[in-house]
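Thanks for making time this morning.

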Amino acid sequence: MSAEVIHHIEEALDEDEKKMLLFLCRDVAADVSPLNVRDLLDNLSERGKLSAMGLAELLYRVRRFDLLKRILKMDKMTVEAHLLRHPHLISDYRVLMTEIGEDLDKSDMSSLIFLMRDYMGRGKTVKDKSFLDLVMELEKLNLVAPDQLDLLEKCLKNIHRIDLKTKIQKYKQAAQGAETGYTNAFQASFLNLSLKDPSYSLRLQNGRNKERRLTVKQLDSHREPVKTSIQESGAFLPWHIPEERYRMQSKPLGICLIIDCIGNDTEILRDTFASLGYDVQCFSYLTMNDIICILRKVAHMPQHQDYDSFVCVLVSRGSSQSVFGVDQTHPGFPLDQIKRMFMGDRCPSLLGKPKLFFIQNYVESESHPEECSLLEVDGPAVSSTDSKARQPGFCTVHREADFFWSLCKADAALLKRPSTSLSLYLQRLSQKLRQERRRPLLELHIELNGSVYDWNSRVSDKERYHVWLQHTLRKKLILSYT
């Protein structure tokens, strides 16, 4: 999509239409935090997620049929015909919420906000909020979701909007009766985890890709359907996906391995993950060989079999694709090999469980040329028979599934400045995890990205932090027992 087209569309939309468009795309752009419509459309276009028909769908949803005709040379009927035959960019849930919002007047909203005080608290409800603002607040509190609309339905009944309550009931009935035949980009995202790509670009391949990498058999006996198709002429097309949460009930939740070769952030990291319920194991000032040995040892720990997740935090100097340790051995240990140690075939006790990596890498500006890889150190692959034997209720899960890989790079010159010796990225991460543990990790990371972006806008190039998120999570992940 050309920059000129995006510019003209943003210029033509009013503020309410822009807010609606940003709301509609919250699932599609779940791994970014767009500041405005232009940034949103540009980001989606750059990642190949915004075709001409995708943009037409967005304009159709905000009812700007004039822009459809003037800019995209399409009419309303053409878009409707396309939507009836092809998968869609926007979920039924988002469409439903916008339609409800358009049908509520000021009196309805006043009553609705008042009723929500019992659930959100007095401080969370603001009189001049729009319905979409209210929905986003409810989503943050896990009170409203695509498969969690009972509260909203109840409140609409209490304000005598039976027509809108009926609309929700039809949506729920369609979701329950539909067949599982479609997965949208947010729920079934499978990000490319190959860290050999020096650009570390965030690439998403959704479930419709012919080269689908993730095959999941019955993971649990109970799956909750979530509607993700769009609404057309009052009827929903039969496409939905199962939304699940990772089990996070073991005590401890898992092992948290912290390797801090800089020595500034160990204390705050230990306190944060201990408060979340992890068995924290800290190591400081390791050489590269020590890092490899510790990672290999932890990857083979039998305790993983009894725990629900694993966390690794690594802080070190390095290059764009590797870490050095205190000895700064070049070319360093490749980041992709760290990930490989914990893949399903190498670490079957963590198969199907979330594996979280938070890496702060201080990049040396004059690092030596990097080799493509080092000698494999994580031992032979485990046979599929062994993997099955150690997984009750065996399921077929891709070996690269269930990774959450957050990598922050910063200039090593920051370490020479006493005022910036602590990692801004790790400080903000710790703050988010401690204060908002009941929210999905992906949401917290999106806000973390925004916080880092704000910092970068105020400082010099040498003081900036650059965060990349890559994940293959298949379910919602909340770092909490509840």
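In this predicted model, helix 8 passes helix 10 in a right-handed crossing, and the two helices, residues 106–120 and residues 150–158, pack at an angle of about 135° with their axes 10 Å apart. Helix 8 and helix 10 are therefore oblique to each other. On the side of helix 8 the contact is made by Leu112, Leu115, Met116 and Tyr119, while helix 10 brings in Leu151, Leu152, Lys154, Cys155, Leu156 and Asn158, and by class this contact has eight nonpolar, one polar and one charged residues.

Turning to another pair, helix 7 (residues 92–103) and helix 9 (residues 131–140) pack at an angle of about 135°, with their axes 9 Å apart, which makes helix 7 oblique to helix 9. Tyr93, Arg94, Met97, Thr98, Ile100 and Gly101 of helix 7 make the contact with Phe131, Leu132, Val135 and Glu139 of helix 9, and its classes are six nonpolar, two polar and two charged residues.

Now the rings. The structure holds nine aromatic pairs. Among them, the rings of Phe310 and Phe342 have their centres 4.7 Å apart and their planes at 15°, so the pair is stacked. This pair links distant parts of the chain, 32 residues apart, with Phe310 in strand 9 and Phe342 in the loop between helix 14 and strand 12. Phe310 is buried, at a relative accessible area of 0%, and Phe342 also counts as buried at 0%. Finally, ring pairs link Phe310, Phe342, Phe357, Phe403 and Trp405 into a cluster.

Methods. Residues are numbered from 1 along each chain as its sequence is written. This is a predicted model: local features need pLDDT of at least 70, side-chain atom pairs count only at pLDDT 80 or more; totals for chains, interfaces and linings use all residues. Side-chain values use heavy atoms; hydrogens and water are left out. Axes are lines fitted to C-alpha atoms, for helices over the stretch in contact, and angles run from 0 to 180 degrees between N-to-C directions. Helices (H or I, at least four residues) and strands (E, at least two) are DSSP runs, numbered from the N terminus. Angles under 35 degrees count as roughly parallel, over 145 as roughly antiparallel, 65 to 115 as roughly perpendicular and the rest as oblique. A crossing is left-handed if the near helix is turned anticlockwise from the far one by less than a right angle, and right-handed if clockwise. Contact means heavy atoms within 4.5 Å. Ala, Val, Leu, Ile, Met, Phe, Trp, Tyr, Cys and Pro count as nonpolar, Asp, Glu, Lys and Arg as charged, and the others, Gly among them, as polar. Rings of Phe, Tyr and Trp (its six-membered ring) pair if their centres lie within 6.5 Å; planes under 30 degrees apart count as stacked, over 60 as edge-to-face and the rest as tilted. Buried means under 20% relative accessible area, exposed over 50%, partly exposed in between (1.4 Å probe, protein chains only).
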